[in-house]
Every structure is written in structure tokens, then in C-alpha cells.
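Subject: Structure handover

Hello,

Here is the structure for your files. Please look it over before reading the notes below it.

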Amino acid sequence: IKQKKRHMGDTNHFCPVSLKENFVLYPGLQEHAVKYKEKIYYFSTSECRDKFLKNPEEYVAHKEPLQAPPLRVCLLGIHGAGKSTCARQIADKLGIFHIQFEEYLQELILPKTKKKVEPSSDEDHEDDNQIPEELEDSSQTVTKTEKEKSKQEVKLTDEEEAIKANLMANTELPPEVLDKIVPEWWKSEPFRSTGFILDGFPRTSDEATYLSERGLCPDVAVYIQVEEDDVLDRLLPLRLKKWKDRQRKKKEYKKKLKELKAKKRV
């Protein structure tokens, strides 16, 4: 039996409400389909379907076709896979924004931390090289009062503390923090009309679920798979340089500590 051809709505099988409100192409489901003016529209949720039924003219095309959103790409892979290098090349070629997620987090708290937040193991090494207060030169320009004042100035909010913990120990960012960061790339200019390649997010299944629950769908998700030896070749030289720098600072610290102790005895 020859079936009658279905006439799809202006957004084909994508949800017109998600397109209008979030400017994303979110696939609709048959169980949430409705017929309007002899055309069939699919919706991502029953809530979107109900919104459409209340005011369908708000979500359909009139004189011109509905505008499709720009390209949004999520680029994933392990640390050292070369995500940022690939992302920069793709962004330049396609004329879209390159967003490096970890660097973006650093920029959010840099005005208060004054320096990049390193993984906890690296910061522990830095703390080991602090000169004890009782041996510090009294002629130094930084007084105890000034130190206490600087500590007060760098007090972080709960959201900033969560970001710092994520950068130091890779702890998961709560949804309320992500809500203040991620949606703007889909909903605010200039990202909304230009598009982007998001480098390093989502990193976990919970973060992927977060995007889905918020209706923030990428058009493409690319995972870069590399051999272990390639990652070692990229990361080992930098790690070795950091280790050598720590060893040098450790020697300088011991030398300075010895000088201060000798000066204190005199």
C-alpha cells in the first residue's frame, strides 16, 4: 500500500521551539508530534510541544525561511592529544570562535589569583619553597600587614572556589557554575551568530548530560584518539622542564635559607 507522503514543518525533524528560544537544532521525537496547517512538527519535549500549541505562529516561518544556527563543534580528547592545535586550525578555516575551556576558566579567576592556577602537585612544590616568617628580612618592602591585606583581596566567591578546585584537582563543576559559563556560547553574541569550536568540554558523562538537559546541542562532537607514545612525546619535554625549574628553585631556596639562618645568628 502506497503511503501518503508526510509534509514536514519549516524545521523538518528538528524542534521549532528549541530553534526559536535556544537557537539550536534539537531533534524532535515522534511521540511529541503535532499537525499544524497540514504540516507535521516534531518537538524535543512535551513542554516545547505545549508552547507551540499556545502560539504556533511564533515558531513558524512567515515571509522568509527560518534562519539556521551557525556551526557549533565540541572537540574532545585526552590531555596532550593536540585538541588546541587542531581547534585553532579549524576555527581559522571556518571563521568561527575557538574557546579553550580550561583557559577560559583561568581567565575568570585570574584577576584575583594574579597567576595561573596549577595542578595541586605543582602548587605544593611552590609552597615548600616559602621562607619562614621568622627568618624573613625585616627590611623587605612587603610587611606582615600588607601580606594580610593581599590575602583579603584574593578572597574568592563560592563559584570561583569551585573553578579553582577544578583547575587544581579536576573536581567536577556544579551545574550552577556551568550555568554562568556555558549557555552564553549558545545564546549570547558574538558566539550566537558566528559559531564556535569548544575545546575540552564536555569532559565527563555528567557534563554531556548537562548540555543535553539545557538543550545546548553541538552540531558535531569530535573525539581525537592518539597513541600513548605520541602523548608522551608532546608532554614529557614540558614536564621535564618544569621539574628542572623546581630543582633549580629548590637549590636557590636552600641557599637563601642558609644565608638567612647565618645572618640571624649574627
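The notes below go from the whole chain to single residues.

This is a predicted model, in which local features need pLDDT of at least 70 and side-chain atom pairs count only at pLDDT 80 or more, while totals for chains, interfaces and linings use all residues. Residues are numbered from 1 along each chain as its sequence is written, and side-chain values use heavy atoms, with hydrogens and water left out.

Overall

The protein has 12 helices and six strands; these are DSSP runs numbered from the N terminus, helices being H or I of at least four residues and strands E of at least two. Of its 266 residues, 31% count as buried (under 20% relative accessible area, with exposed over 50% and partly exposed in between, using a 1.4 Å probe and protein chains only). The accessible surface is about 18100 Å², and carbon and sulfur atoms hold 52% of that; the areas come from the Shrake-Rupley method with a 1.4 Å probe, and for residues only the protein chains shown count as cover. Taking contacts (heavy atoms within 4.5 Å) between residues at least 6 apart in sequence, 70% join residues at least 24 apart.

Asp199 belongs to strand β5, residues 196-199. Asp199 is buried but has no salt bridge, and the nearest side chain of opposite charge, Lys83, is 4.8 Å away. A salt bridge here needs a side-chain nitrogen of Lys or Arg within 4 Å of a carboxyl oxygen of Asp or Glu; for charge, Lys and Arg count as positive and Asp and Glu as negative, with His and the chain ends not counted.

The Asp199 side chain does make polar contacts, one with the side chain of Ser84 at 2.7 Å and one with the side chain of His98 at 3.2 Å. A polar contact is a pair of N or O atoms within 3.5 Å; within protein, one must be able to donate a hydrogen and the other to accept it, and residues adjacent in sequence count only if both atoms are side-chain atoms. Beyond four places in sequence, the residues that Asp199 touches include Leu75, Ala87 and Phe101.

Outside four places in sequence, Gly200 is in contact with Leu75, Lys83 and Phe101. Gly200 and Gly77 are 123 residues apart in sequence, yet their C-alpha atoms are 7.2 Å apart.

Backbone

Most residues other than glycine have a negative phi, and most peptide bonds are trans. The bond joining Glu189 and Pro190 is cis, with omega about 5°; Pro190 sits in the loop between α9 (183-187) and α10 (191-194). The bond from Phe201 to Pro202 is also cis, with omega near 0°, and Pro202 is in the loop between β5 and α11.

Asn12 has a positive phi of about 60°; Asn12 is in the segment before α1 (16-22) and is partly exposed at 41% relative accessibility. Asn170 has a positive phi near 60°, lies in the loop between α7 (158-169) and α8 (175-178), and is exposed at 59%.

Cysteines

With a disulfide taken as a pair of cysteine sulfur atoms within 2.5 Å, the count is zero. For Cys48, the nearest cysteine sulfur is that of Cys15, 4.1 Å away. Cys48 is buried at 13% relative accessible area.

Regards
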